[in-house]
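The sequence and the model come first.

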Amino acid sequence: MNPLDTSKSPFTMTIGTTLDRFIHRHEQEFAYATGELSQLLRDIALAAKIVNREISRAGLLDIAGSNGTQNIQGEEQQKLDVMADIRFTRALKNGGEVCGVISEEQDDIIDTGNYQGKYVVAMDPLDGSSNIDVNISIGTVFSVYRRVSEVGTPVTLEDVLQPGHRQVIAGYILYGTSTMLVYTSGNGVNGFTYEPSLGEFILSHPRMQIPTKGSVYSCNEGQVNAYSPGIREYLNYCKEKNYKARYIGSMVADFHRNLLKGGIFMYPGTTDVPNGKLRLMYECNPLSFIVEQAGGKSTNGLKRVMDIQPEKLHQKIPFIIGSAEMVDKVSEFLAEETVKIGK
Ligand code: AHG
Ligand code: MN
Ligand code: MN
């Protein structure tokens, strides 16, 4: 083979489309094409590269393990949770497009001081914290809304408590066997793989679609006795069908696998904790926007997640997301349960 044959030789073949170039080319598709959203996305990508660097050398530095603090939800914060929170918040503050941020790791809205910023961001800076110390995939989830208050004023609660269908961008970064950034701005879903030697995210998964059917189910089945009858019956159905059980314990990683291969992820309510564990604003809504853009569905068991009007920042909901036919099936079991119990 001629090493200079650009179509075949690894020596000269094209690298592909960088995230920067992709954003630039698709800028006109953004709901309000002014260039600010593009910059916001670039800020997130930059923070993602920094966080990726810290995560990949966590074993060498004293940055694994607990930070000795708790977040507002009473969960122990890991050092890397705090590091990721600082990195993403700083990138968004410095970028200037965002007037406010809400984060899993912060009790209240962060006022960035950028009163001219037209956007707000909700984020889970590091998802799957319990997997940090054991070198298993973790992620970042983010969601962008256009503010509703007047530009030039400080961020308000109203700006962040918007239903998911008003998201303008949502995405996640998966720090896995390779690092990926997947996002949607309402025109399909595209995935970019990080090329560390270039320091660039390269388009690797254009126009992602989740298979309509799937045969993988992911939930913490250790809690099965505390799930509602409908969920328990659905789990029995999965076993009758010989579906595969796969649960990483990092929602982003479980979701990403299901997005590629087809499947369903569930974090239902339990007898003691009826709203489950996952947070509407920065975990459920962003993945819901992505799944719908990829042809899938999500529900809290009763309604479409993106139609829920949030009432508080760290609101939790039961969460079911994945391949359309699988989500429909579990919804049937839950509807029957409602009829039986007479809710
Ligand atoms: P976080 O690390 O951001 O708090 O989120 C962890 C979440 C989610 O990623 C995962 O699916 C779930 O918690 C696992 O919880 P269980 O250990 O209760 O199954
Ligand atoms: Mn999380
Ligand atoms: Mn988290």
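Which residues coordinate the manganese ion (ligand 2)? In this predicted model, local features need pLDDT of at least 70 and side-chain atom pairs count only at pLDDT 80 or more, while totals for chains, interfaces and linings use all residues. Residues are numbered from 1 along each chain as its sequence is written, chains are lettered from A and ligands numbered from 1 in the order in which they are written, and side-chain values use heavy atoms, with hydrogens and water left out.

The manganese ion (ligand 2) is held by Asp124 (OD), Asp127 (OD) and Glu283 (OE) at 1.9 to 2.1 Å. Donors here are N, O and S atoms within 2.8 Å of the metal (3.2 Å for Na, K and Ca); water is not among the atoms, so sites may look incomplete. The donor spacing in sequence is D-x2-D-x155-E. Aspartate 124 lies in strand 5 (residues 119-127) and glutamate 283 in helix 7 (residues 280-293), 159 residues apart, so that distant parts of the chain are linked. Helices (H or I, at least four residues) and strands (E, at least two) are DSSP runs, numbered from the N terminus. Aspartate 124 also bridges to the manganese ion (ligand 3), 3.8 Å from ligand 2.

| Residue | Relative accessible area |
|---|---|
| Aspartate 124 | 0% |
| Glutamate 283 | 1% |

Strand 13 (residues 264-267) is covered on both faces, with Ile264 and Met266 buried on one side and Phe265 and Tyr267 on the other. Strands pair if DSSP finds at least two bridges between them. Strand 13 runs antiparallel to strand 15 (residues 319-322), with four bridges.

Methods. Buried means under 20% relative accessible area, exposed over 50%, partly exposed in between (1.4 Å probe, protein chains only).
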